[in-house]
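Please look at the sequence and the structure shown here, and keep both at hand while reading the report.

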Amino acid sequence: MARRSGLQGWRRLGAVLMLASGLSACGTLSRIDPLPVRELDASVSPTRDPRIRPGDQVRSHEVIALFTRRLARHEGTGAVLALSGGGANGAFGAGVLVGWSEAGDRPSFDIVTGISTGALTAPFAFLGPEWDDALRAAYTGGEASSILSPRALAGLVHPSLYSAGPLRRLVDQNVTPELLRAIAAEHAKGRRLLVVTTNLDTQESVVWDMGQLASQGDEQALLLFREVLVASASIPGVFPPVMISGLQGDQIVEEMHVDGGVNMPFLGVPEDILAAGERVPGADRASLYVLINGQTGRTPGVVRGSLPAILTRTYESMSKASTRTHLAANAAFAARNGASLHVASIPADADASALNFEHDSMVRVFEMGRTRALAQEAWVTPDAELAAQPPVVALEGPQTPDGN
């Protein structure tokens, strides 16, 4: 029954996708023409762009250099934390972090990366156990329960089924000037906080150096910090895209940013390092922790012949396959370099749904993560994670000839 109950969220997603498709001609998002830099409002001060794009070799090398230099020089701890997407299941990752603190062996991370719901967790994870109470409140305080409430429906006026209003309120409530000052202080020590969004216009993943942004220290930085987190968590079709200004030559353009999980499930070892296939000096003292806010194991079963069942099963299968592929690539890097890789995920037989933002459910999932970490049961090797398979279950009961 627990597994069957957990599938309700995936079926709900299928209904969301169908309804969003049906409403696609109703809600639209206006795009503005490029604006010459000379016409920029004087109240907007130019700053160093915190974006690290795939084609930006200079900035990409900064991330690689951080990873390699600190390892080779034995600076910092050599620990990296990568937080995945997963919607409401982000409560699991939050619980793991809090339980890890309670267990007393949670490391200080040199680099923390976040995608989607992992992006919302990342600032607190970056700042350490002193911010655990704020992290717990963000996921179990009740504010998140309104994210997919009927009152947030907005398909007729936005290019999405739901308004981003509740999500924005959650981010605004938690991302404060105090939080940014604390992040800026850690950034000055050489640590890095990175968040990923997907630029739909270019079909590229964009890595945001959130510590650099926090170090700007003004209202403009606070607003953009919040916008990036909202964008990283905005599932296309479910929430509207976030328009963020960028510079192309001598023109200001609006870029359409959405969920960072569209292109990658998590950001662990930088892609350029994985692609090079070379040994990294000092990597044998690195510890990479990948916290997956979801389940990675395949769940064989009989899929109903209805469109919602097919859509949700397809989305679930693609997400899990992408996660396993990224895990395998990071595991190969770790094996090649003698680094340690640890993986935590929601147990395959647990009742959890990425779309169930009800308060009681989020508290239960949070406690699942906390108790597993406290009992030293959360982290496993990548081999154990990839080998774990739940028992075969049927997704539905007996079908009638018409597939219903």
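The report below turns to confidence, then to a helix, one of its residues, and a strand.

## Confidence in the model

This is a predicted model, and the mean pLDDT of its chain is 81, with 74% of the residues reaching 70 or more. Over residues 35-40 the pLDDT is below 50, although the model gives this stretch eleven contacts beyond near neighbours in sequence. Residues 394-404 also stay under 50, and for them the model has 24 contacts beyond four places in sequence. Where pLDDT is low, the predicted coordinates should not be read in detail.

## Helix α10 and S232

Helix α10 covers residues 219-232 and includes S232. At 1.5 Å a residue, its 14 residues should span 20 Å, and this agrees with the end C-alpha atoms, which are 20 Å apart. Among the buried residues of α10 are L222, F225, R226 and L229.

S232 is buried as well, because its relative accessible area is 0%, which falls under the 20% cut-off. The side chain of S232 reaches the backbone oxygen of V196 at 2.6 Å, and, leaving aside neighbours within four places in sequence, the contacts of S232 include G114, I115, V195, V196 and T197.

## Strand β5 and its partners

Strand β5 spans residues 192-199, and seven of its eight residues are buried, so the strand is largely enclosed by the rest of the structure. Strand β4 (residues 111-115) pairs with β5 in the parallel sense over five bridges, and R192 in β5 is the bridge partner of I111.

With strand β6 (residues 204-209), β5 runs antiparallel, joined by six bridges; here T197 stands opposite V206 in β6. Four residues lie between the strands in the hairpin of β5 and β6, where Q203 takes a positive phi near 60°.

Technical notes
Residues numbered from 1 in each chain as written. Predicted model: local features only at pLDDT ≥ 70, side-chain atom pairs only at ≥ 80, totals over all residues. Heavy atoms only, no water. Helix = DSSP H or I, 4+ residues; strand = E, 2+ residues; numbered from the N terminus. Buried < 20%, exposed > 50% of the residue type's maximum accessible area, 1.4 Å probe, protein only. Polar contact = N/O pair within 3.5 Å; in protein donor to acceptor, adjacent residues only side chain to side chain. Contact = heavy atoms within 4.5 Å. Expected span 1.5 Å × (residues − 1). pLDDT = per-residue confidence, 0-100. Pairing = 2+ DSSP bridges.
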